[in-house]
Amino acid sequence: MYEETEHRTTISFYQYFTVTEPKQFRDELYIALNELKVFGRIYIAQEGINAQISVPDSNWEKLKTYLHSLEPFKNLRLNVAVDDDGKSFWVLKIKVRDKIVADGINDPSFNMENKGKYVNAAQMNELLQDENTVVIDMRNHYEYEVGHFVKALEIPSDTFREQLPMAVEMMKDRKDKNIIMYCTGGIRCEKASAYMLHHGFNNVFHLEGGVINYARQAKEAGLESKFIGKNFVFDDRLGERITDDVIAVCHQCGKPADTHTNCLNDGCHLLFIQCEACAEKFQGCCSDECQEVYNLPLETQKEMRKGIDKGNQVFNKSKQRLRPKLNEIRKDL
Ligand SMILES: [Zn+2]
Ligand SMILES: [Zn+2]
């Protein structure tokens, strides 16, 4: 493994723009970033780029200059990860994909050229005052469950590709409304806004940089947060508290709670919400059954997983629809 002592900064960015030759662009980018000792994971598609990378601190300025020198990246927003030790990646991987966000759209006349208008935190708050505004949450159920914008509509599906046509259907009689779409980091709602415009909606907005950027901006400008509860993010805390409101309940006892956890039975690992009392009572497990397994000797647990592997997967899949396993949804980011 590559030995390095210098501190790294982890950043993420995405940009929708037309990439005519994705393979060629990939190769050029690889050479330039490799020279700056950048590690990470980048996806390139004809519709744009999505990147999570780390750079040694001494090359940070050079990286910024390089990226902003590329025409499509003139106004690129680079998101610096706050709680990160810079050790998320050890190699640089740049892959060409069909899409940067899987959307299930087969319509060849759809493209990302025509997008909704960006709103920042202040504009978001202002638009929310307007009775003519509808806010649509483009995230998954478990994210909405612990935190969302006041009055935000949830689209009851766990996949983005299903949510897109559902949003159109839900809003079909309200084409004159201001529609604001949002997601965690902006990449999903930006595409959703283009999809709505493509389907004949006129006043479509999307929250620039998503909930993460909104929370930061609102804090810096001292604005009231219209996002209540927690913003679910994929770090060890499984969420950043935005306001003190606890809007979800414990999946076991029904009392107010908004702490996500993974069931400690390794054969289950279900992502669910558990209050402190239940965490103690069930020893961090999601059910009596899992707790029973959890308290067996490790060897016995391993044996059991071997035996019921197949049945277990099927069982988990049905549960996963509502509360997926963290390590599986992470890929979707
Ligand atoms: Zn509980
Ligand atoms: Zn369990």
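So, is Cys 290 buried or exposed? Cys 290 is buried, because its relative accessible area is 7%, and buried here means under 20%, with exposed over 50% and partly exposed in between, using a 1.4 Å probe and protein chains only. Cys 286 counts as buried too, at 14%.

Quick housekeeping: this is a predicted model, so local features need pLDDT of at least 70 and side-chain atom pairs count only at pLDDT 80 or more, while totals for chains, interfaces and linings use all residues. Residues are numbered from 1 along each chain, chains are lettered from A and ligands numbered from 1 as written, and side-chain values use heavy atoms, without hydrogens or water.

Okay, the zinc ion, ligand 2. Its protein donors are the SG atoms of Cys 263, Cys 268, Cys 286 and Cys 290, at 2.3 to 2.4 Å. Donors are N, O and S atoms within 2.8 Å of the metal, or 3.2 Å for Na, K and Ca; water is not among the atoms, so sites may look incomplete. Along the chain, the spacing reads C-x4-C-x17-C-x3-C. Why call it tetrahedral? Because the four donor atoms subtend angles of 107 to 115°, and four donors qualify if all angles lie between 85 and 135 degrees. The ideal tetrahedral angle is 109.5 degrees.

Pairing takes at least two DSSP bridges; strand 8 and strand 12 (residues 227-231) have three. Gly 147 sits opposite Gly 229 in strand 12.

Notes: Helices (H or I, at least four residues) and strands (E, at least two) are DSSP runs, numbered from the N terminus. Four donors count as tetrahedral if all angles lie between 85 and 135 degrees; four count as square planar and six as octahedral if opposite donors are over 155 degrees apart and all others between 65 and 115; anything else is irregular.
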